[in-house]
Amino acid sequence: MKDMDIAEVSRRTGVPASTLRYYEERGLVASIGRRGQRRLFDPAVLDRLALIALGRAGGFALDEISSMLTPDGLPKMDRGRMDAKANELDQIIQRLTAIRAALRHAAKCPAARPMECPTFRRAVRLAGAGRFEVAPLAPFKAEAVSVTRRKRETGRVSLE
C-alpha cells in the first residue's frame, strides 16, 4: 500500500483531519512528508489509529495512550495497566447494569409513580450515597410482586 494523504487517512478511519493534526502535535502519530499542502502518512498509521481508538473507547487518556506507543510505531503496552483498566471497566459495567435494572423496574413497576415504589426508592438512596453499584439486581423483579401484593392487601404502597 502506498503512502496516504491526510484526507485518505481521515476517510479510511473516520478520524477528522483536525484530530489527525492534533494527534501529530501530541506525538501520537507522525506524518512522513507532504504532497503540496497535505500531510502524508505511512499505511501503518491505520493500525496506530485503531490502537488509539481502542484506548479512547476503553477510557484511557491521551497521555496514557501516548506512553503506550513508541516512536517507531510499535506498541509497548503495560499489561498491569491494561488489567487495572479492565477492572475499572468491570466496576462501570456493574454500576450501569444496576442502573439499567432500576430504570427498567421503574418503567414496569405497578406503583402509581416510581417514587412510590420502595424498590426504586432504595435504588435512589443507594445512588445518593454513591453506592449504587452494590444494588442487588434480583430483588428488582421479586419486589415488583411484593409491591403489587401490598397494594392489593392495604390499598396503598409503602414509602420505605
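**Stop 1: the sheet**

Start by selecting strand 1 and strand 3: two bridges join them, and they run antiparallel. Strands here are DSSP runs of E with at least two residues, helices are DSSP runs of H or I with at least four residues, and both are numbered from the N terminus. Two strands count as paired if DSSP finds at least two bridges between them.

Before going on, a word on what you're looking at. This is a predicted model, where local features need pLDDT of at least 70, side-chain atom pairs count only at pLDDT 80 or more, and totals for chains, interfaces and linings use all residues. Residues are numbered from 1 along each chain as its sequence is written, and side-chain values use heavy atoms, with hydrogens and water left out.

Now click on Met-4, whose bridge partner in strand 3 is Phe-41. Then try Asp-5: its bridge partner in strand 3 is Leu-40.

Gly-33 stands opposite Leu-40 of strand 3. Two residues sit between the strands of this hairpin, and Gly-36 there takes a positive phi near 70°.

With the three strands showing, you have an open sheet in the order 1-3-2, with antiparallel pairing. Strand 1 and strand 2 are its edge strands, since each pairs on one side only. Strands of a sheet pair through backbone hydrogen bonds, either parallel or antiparallel.

**Stop 2: a loop residue**

Select Ser-31, in the loop between helix 2 and strand 2. (Buried means under 20% relative accessible area, exposed over 50%, and partly exposed in between, using a 1.4 Å probe and protein chains only.)

Which residues does Ser-31 touch, leaving aside its neighbours within four places in sequence? Look for Glu-24, Arg-39, Leu-40 and Phe-41; contact means heavy atoms within 4.5 Å. Ser-31 and Phe-41 are 10 residues apart in sequence, yet their C-alpha atoms are 4.7 Å apart in space.

**Stop 3: helix 1**

Show helix 1 and colour Ile-6, Val-9 and Ser-10, which are buried. Looking down the axis of helix 1, you'll find these buried residues within an arc of 100°, so they line one face of the helix. That arc is taken from the directions from the helix axis to the C-beta atoms. The buried residues of helix 1 pack against strand 1, helix 2, strand 3 and helix 3.

**Stop 4: helix 3**

Move to helix 3 (residues 45-57). At 1.5 Å a residue, its 13 residues should span 18 Å, and the end C-alpha atoms are 18 Å apart, which agrees. The expected span is 1.5 Å times one less than the number of residues.

Val-45, Leu-46, Arg-48, Leu-49, Ile-52 and Gly-55 are buried in helix 3. Among the elements covering them are helix 2 (17-26) and helix 4 (62-67). After helix 3 comes Gly-59, with a positive phi near 95°.

**Stop 5: a ring, then the whole view**

Pick Phe-60 and Lys-85: Lys-85 lies over the face of the Phe-60 ring, 5.0 Å from the ring centre. (A charge sits over a ring if NZ of Lys or CZ of Arg is within 6 Å of the ring centre and within 35 degrees of the ring normal.)

Finally, zoom out to see seven helices and three strands. Of the protein's 160 residues, 30% count as buried.
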